[in-house]
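Thanks for making the time, everyone.

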Amino acid sequence: MLKRLIPHPLLSLTLVFVWLGLVNKFTLGNLLLGGLFGIIIPMLTAPYWPDRPKISRPLKVLEYGFVVLWDIVVANIQVAAIILFKREENIHSHWIVVPLELTSAEAITVLAGTITMTPGTVSATLAADGGSILVHCLHTDDVDAVRDEIKTRYERRLKEIFQ
């Protein structure tokens, strides 16, 4: 019964917090209306998510979020240093093919988004078979190190999250 009422608990909770953030005022009425949205919207959209991803370790999601935020801050500083202090002929941009062990479309989407959100890298395309992703790196002297870092920092954690 509870599964039918709240088919996507994380989405429901997220909708409540997003609603409270949008109205920018915490009142009982706003909380109840956000709760109503958190119940009705997932119920209406549940048929469109027949194979929704299973998040097996929710605390790993928090860890992943902190790792990505940290990497974004560090990468912003690195990109600023490259742009401000490196001469154009000393910037070595590369295309990197990152083979994927992820099979879930949601996990691959999160990985591609993470790569793109991190300054200095952009996920350009996914192979037709979903077995690799093409990434452009603004500057690197070691293509293998960038590929290995993507696999260990992001893909490994996403495999744990989307088991």
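Let me start with S132, which counts as buried because its relative accessibility is 18%, where buried means under 20% relative accessible area, exposed means over 50%, and partly exposed lies in between, with a 1.4 Å probe and protein chains only. S132 is found in strand β3, and strands here are DSSP runs of E with at least two residues, while helices are runs of H or I with at least four, numbered from the N terminus. If we set aside neighbours within four places in sequence, S132 is in contact with V97, V98, P99, L100, T125, L126 and A127, contact meaning heavy atoms within 4.5 Å.

Before going further, a word on the source: this is a predicted model, in which local features need pLDDT of at least 70 and side-chain atom pairs count only at pLDDT 80 or more, whereas totals for chains, interfaces and linings use all residues. Residues are numbered from 1 along each chain as its sequence is written, and side-chain values use heavy atoms, with hydrogens and water left out.

Now to the helices. How do α2 and α3 cross? Their axes come within 8 Å and cross at roughly 135°, the axes being lines fitted to C-alpha atoms over the stretch in contact, with angles from 0 to 180 degrees between N-to-C directions. That makes α2 oblique to α3, since angles under 35 degrees count as roughly parallel, over 145 as roughly antiparallel, 65 to 115 as roughly perpendicular, and the rest as oblique. On the α2 side the meeting residues include L15, W19, L20 and V23, and on the α3 side they include N30, L31, F37 and I41.

L20, in helix α2, is buried, with a relative accessible area of 14%. Leaving aside neighbours within four places in sequence, L20 is in contact with K25, F26, N30 and L31.

By comparison, α4 and α5 pack at an angle of about 25°, with their axes 10 Å apart. That makes α4 roughly parallel to α5. The contact is made by Y64, V68 and I72 of α4 together with V110, L111, T114 and M117 of α5.

The structure also holds two aromatic pairs, and rings of Phe, Tyr and Trp (its six-membered ring) pair if their centres lie within 6.5 Å, planes under 30 degrees apart counting as stacked, over 60 as edge-to-face and the rest as tilted. The rings of W19 and F37 have centres 4.9 Å apart and planes at 80°, so this pair is edge-to-face. Because W19 lies in helix α2 and F37 in helix α3, the pair ties together parts that are 18 residues apart in sequence. W19, at 22% relative accessibility, counts as partly exposed, and F37 is likewise partly exposed, at 28%.

The pair of Y64 and Y154 is edge-to-face, at 6.2 Å centre to centre and 75° between the planes. Y64 lies in helix α4 and Y154 in helix α6, so here the parts tied together are 90 residues apart in sequence. Y64 is buried at 7%, and Y154 is buried at 6%.

Which residues touch the most other members of the largest nonpolar core? They are L111, I150, Y154 and L158, out of 22 residues, a nonpolar core being a set of buried Ala, Val, Leu, Ile, Met, Phe, Trp, Tyr and Cys residues joined through side-chain atoms within 4.5 Å. The elements giving two or more residues to this core are α4, β1, α5, β3 and α6.
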